[in-house]
Amino acid sequence: MIRLEDVTKRFPGGQEALSGLSFSIDKGEMVFVTGHSGAGKSTLLRLIALIDRPTSGQVIVDGQNTRRVTRRMIPAYRRQIGMVFQDHKLLYDRPVFDNVALPLIIAGMGYREAGRRVRPALEQVGLLHKEKQRPETLSAGEQQRVGIARAIVTRPKLLIADEPTGNLDPDLSLEVMRIFRRFNEVGVTLLIASHDISLIDRLGCRRIALEEGRLARTTDDDIDAGYSSSEAGLDPEAWR
Amino acid sequence: MAMTRHSDAVAPVRSSGPMTTWLTRHISTAIGSAGRLFRQPFASLMIILVIAVTLAIPAAANLLIKNALSISSGWDNALDFSIYLHRGISESDALDLAQLIAQRADVAAVDFVSAGDALEQFKQQSGFGEALDHLSENPLPHTLIVRPGPSNSVQSMILLQEELGNLPEADIVQVDTEWVQRFHAILDIVRQAIVIGAALLGVAIIVIIGNTIRLDIQNRHEEIEVTKLIGASNAFVRRPFLWSGFWYGLFGSLLALALVQYGLFLLEQPIARLAGLYQSSITVLTLTGGEILSLLGIGVALGLIGSWFAATRHMRRIEPR
């Protein structure tokens with residue numbers, strides 16, 4: 001689903017955010033990118049979202065080399081990917097419903113038709129009863145769930161999230177991760193940047209650790225452990 | 001469960017027919033943009049008022065010229081000029097000449113006033129009556145009064161007068177109505193000045209609307225960034241701003257229309273009084289349907305041009321960071 005080949009990102013100042021990074025993520029995987037701030041997590045996600053371009057190397061997303069995605073094609077490209085942000089990036093001048101409907105409206109769907117997709121999406125994050133409220137009246141955790149509903153309302157195959165739990169307390173973080181896990185179980189590929197190692201360890205997903213723009217270690221062996229969940233003291237049923 | 005609902009369509013977003021989508025999308029954007037205008041009624045009204053006044057000035061000036069032309073074209077006889085013939089020419093020769101001139105395409109009619117008739121008229125009007133009886137012979141020449149055709153321009157009129165003045169029979173051509181020609185020449189100049197002024201004001205409207213839209217874009221910088229981040233194209237982001245420009249132009253020109261009509265209403269009484277003083281009836285020409293439509297069309301076009309420039313220019317700069 002995502003493949004990086006020898007990707008380097010150098011900023012105008014000369015410092016390298018990513019240096020010769022290569023890895024790949026299969027369809028249906030749920031992978032965490034970890035590392036200290038400045039390790040290159042955000043840069044990596046920005047390259048995948050085409051907010052930035054690599055200085056050298058290839059980024060291939062769903063079989064599509066992002067090098068061949070021109071400026072004009074970027075909007076259509078981004079619509080294939082669900083994105084969740086640490087600061088939610090909601091529009092505060094309109095209710096929750098409109099926020100979640102926005103990607104569908106952008107894709108050219110009628111308002112009523114969009115409604116048929118918005119409600120299930122809100123239901124999945126448990127916020128159906130708040131569809132008419134404005135985002136600022138919601139708690140941080142709820143706002144983040146609105147952001148998630150917006151990211152998944154178009155049913156993307158790939159969802160990327162940059163520190164989705166960065167501003168949330170542990171309980172809310174776990175709640176958000178549970179929601180992610182549910183999407184993963186129905187086939188969505190997820191790439192989540194996070195520095196919350198303890199939480200990731202409890203989930204036991206594969207981890208891509210970055211250190212100064214390079215791969216530190218990939219904990220492939222954690223995958224099996226993660227899916228059995230018992231090791232982390234979590235009942236699979238608890239995810240639902 | 002939620003799960004099955006999610007899995008049943010991992011398919012990409014499908015939309016209904018492209019045409020209906022396009023239409024409904026535009027309608028909802030148009031309504032949304034209008035709503036935005038109404039949510040800031042004071043600011044919107046100020047801009048619309050500026051546009052309206054800017055449009056109303058050339059429209060009113062144009063209307064003024066139109067009326068001036070219409071009234072002055074009623075002074076057909078004011079364009080008449082007289083040709084005094086040489087003394088030696090007989091009455092029958094003079095009549096032949098009058099017929100000849102009347103056949104010209106640029107002449108509407110020729111009146112022949114014989115020397116005798118002229119003297120008779122002079123006797124009655126001058127008050128010298130009796131005194132003139134003592135003249136041994138009639139000192140007045142035969143006169144042709146030429147009425148130029150309606151299609152004549154100021155230039156062709158001068159040409160006509162010169163040509164007829166060069167006839168061997170003609171002694172003097174007297175144009176006692178040169179001021180009408182000057183008046184028409186002045187109207188021509190004013191009319192062209194209005195066209196130039198209107199073009200400049202049109203540029204001003206484009207700038208006003210463009211600047212308004214620019215501020216609007218700046219205020220909604222974050223929103224634009226977020227929508228672009230989740231896959232909105234430049235066209236999608238630009239659309240509401242184009243509609244704002246459309247509404248500014250439309251409301252501005254509607255208000256301009258109202259201002260012009262109100263001005264006409266205010267002038268109705270004084271004009272009627274003036275007409276009464278001259279014992280004539282002046283019908284004031286109002287804006288025709290075509291003129292109203294073109295005023296609205298120009299307003300809308302300027303609004304769209306202004307917002308398109310601003311939106312296209314500033315939209316590209318706003319990219320997700």
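Here are legends for a few close-up views of this predicted model. Local features need pLDDT of at least 70 and side-chain atom pairs count only at pLDDT 80 or more, while totals for chains, interfaces and linings use all residues. Residues are numbered from 1 along each chain as its sequence is written, with chains lettered from A and ligands numbered from 1 in the order in which they are written.

**View 1**
Strands (E, at least two residues) and helices (H or I, at least four) are DSSP runs, numbered from the N terminus. Strands count as paired if DSSP finds at least two bridges between them. β3(A) runs parallel to β8(A) (189–193) over four bridges, with Phe32(A) opposite Ile192(A). Four bridges also join β3(A) to β9(A) (206–211), again in parallel, and there Val33(A) sits opposite Ile208(A).

**View 2. The open four-stranded sheet of chain B.**
The order is β2-β3-β1-β4, with antiparallel pairing. β2(B) (107–113) and β4(B) (170–174) are the edge strands, each with a single partner, so one side of each has no neighbour in the sheet. From one strand to the next, the twist averages 20° (axes are lines fitted to C-alpha atoms, for helices over the stretch in contact; angles run from 0 to 180 degrees between N-to-C directions). β1(B) (81–85) and β4(B) share four bridges, and Ile83(B) faces Val173(B) across the pair. Helix α7(B) (154–165) packs on the sheet, touching β1, β3 (143–148) and β4 of chain B, and its direction makes about 155° with that of β4(B).

**View 3. The largest nonpolar core, and another one apart from it.**
A nonpolar core is a set of buried Ala, Val, Leu, Ile, Met, Phe, Trp, Tyr and Cys residues joined through C-beta atoms within 7 Å. The largest has 94 residues, and Ile48(A), Val100(A) and Ile160(A) are among those with the most contacts inside it. Its largest share, eleven residues, comes from helix α10(B) (234–277). Apart from it lies a core of twelve residues, including Leu85(B), Leu144(B), Leu160(B) and Leu164(B).

Conventions
Two residues are in contact if their C-beta atoms, placed from the backbone, lie within 7 Å. A residue is buried if 20 or more other C-beta atoms lie within 10 Å of its own, exposed if 12 or fewer, and partly exposed in between; C-beta atoms are placed from the backbone.
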